[in-house]
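Here is a short briefing on one protein chain. Please look at the sequence and the model, then read the points below.

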Amino acid sequence: MKERFFWIALGLIAASWAFNSLYAQSKQLTEPIFLDHYIEMTMGDYNYLTLYYLTNKNDRSRISHVRLGGLDGYPQNDFIYNDNSIYNIDTYRHHVLRSVSVRLQNFESDSMTDFHLNDMVVYFSNGRHGTFSIGEVIIHPEGYFTQVEMKLEQPSGGSSNDGSSWYSFQATEPLKIEKISFPFNEPIEEQFNITISGSQKDKSLESIELPIHLEKDKHLPLRTNLKTKSFVNPFAFPIRISGTTDQGEPFTSYAHYHMYPYLTQEDVNRVIDKKSRRDSVE
């Protein structure tokens, strides 16, 4: 009798192991999944494009090269890494979150134009390559945001890991602010609330009352915060604040917003479900 119970228990253990193995295998990604990024940046020796992606825990490959339109990108300091030094930002049940920072180069033309990209080709160290959606990435020539004379200066600003940023602007001459805008085609501004001048609090961008008149040396406080505490999307872009001086001269100033991704297991499930179009509920 005891021998019979032993074999039954052994069979149950084997069946459980087989089930768990099949379940884990069913959760494996056939290819990495990149998050939806919203990035606007310029080319330059010190500007790197950082991209985040989900992949399987046992994936030992690294990104060796990316191609975005006519631009090529190579990982920063990749020559010092090997397969044993792969770094995971976060680890989940079956997957990990990783990032790669690439320096972009333009080999196709001596002249640089704006690039507005939604996907890129990625080459991996194990020989794989494929085209992946990455959200919206806008890349300008070096010096795009440089202004000779600022009409609306930003003496201070900061951010928090709760998704909020604050800025203090100062008018160098009498002016009026006529427009506040985000740079992307996708309406990500719907994810944010804005507080401006201390009186218009937690409003959607379309609800902000404009124009706002400022005399010389007057300050304009501006704060942005995420409506929901979801940190799935990597953000790195300038919010445009534009208008006209009393002398009729147009101007644009920038409030730079940054947010790094922090994903829960539920976020990972949703991203995989959305991007791979398969059931990923765990």
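Strand 17 (residues 235-245) and strand 18 (residues 250-259) run antiparallel and are joined by 10 bridges. Strands (E, at least two residues) and helices (H or I, at least four residues) are DSSP runs, numbered from the N terminus, and two strands pair if DSSP finds at least two bridges between them. The model is predicted: local features need pLDDT of at least 70, side-chain atom pairs count only at pLDDT 80 or more, and totals for chains, interfaces and linings use all residues. Residues are numbered from 1 along each chain as its sequence is written, and side-chain values use heavy atoms, with hydrogens and water left out.

**Strand 17 and its partners**

- Strand 12 (residues 175-181) is joined to strand 17 by six bridges, and the two run antiparallel; Lys 176 stands opposite Thr 244.
- Strand 2 pairs with strand 17 in the parallel sense over two bridges, with Tyr 38 opposite Phe 235.
- Strand 17 is largely enclosed by the rest of the structure, because 11 of its 11 residues are buried. Buried means under 20% relative accessible area, exposed means over 50%, and partly exposed lies in between (1.4 Å probe, protein chains only).

**Glu 40**

- Glu 40 is found in strand 2 (residues 37-42) and is buried, with a relative accessible area of 6%.
- The side chain of Glu 40 makes a polar contact with the side chain of Arg 240 at 2.7 Å. A polar contact is a pair of N or O atoms within 3.5 Å; within protein, one must be able to donate a hydrogen and the other to accept it, and residues adjacent in sequence count only if both atoms are side-chain atoms.
- Leaving aside residues up to four places away in sequence, Glu 40 touches several residues, including Ile 138, Phe 145, Pro 183 and Phe 237. Contact means heavy atoms within 4.5 Å.

- An open sheet has five strands in the order 10-11-16-13-14, with antiparallel pairing.
- Strand 10 (152-159) and strand 14 stand at the edges with a single partner strand each, so one side of each has no neighbour in the sheet.
- Strand 13 (residues 192-196) and strand 16 run antiparallel and are joined by five bridges; Asn 193 has Asn 225 in strand 16 as its bridge partner.

**Helix 2**

- Helix 2 (residues 265-276) has 12 residues and should span 16 Å at 1.5 Å a residue, which agrees with the 16 Å between its end C-alpha atoms. The expected span is 1.5 Å times one less than the number of residues.
- The buried residues of helix 2 include Val 268, Val 271 and Ile 272.
- Among the elements that cover these buried residues are strand 1 (33-34), strand 3 (48-56) and strand 7 (95-106).

**Backbone exceptions**

- Most residues other than glycine have a negative phi, and most peptide bonds are trans.
- Asp 202, in strand 14, has a positive phi near 45°.
- Asp 217 has a positive phi of about 70° and lies in the loop between strand 15 and strand 16 (219-226).
- The peptide bond from Leu 210 to Pro 211 is cis, with omega near 5°.

**The whole chain**

- The protein chain has two helices and 18 strands.
- Of its 282 residues, 43% are buried.
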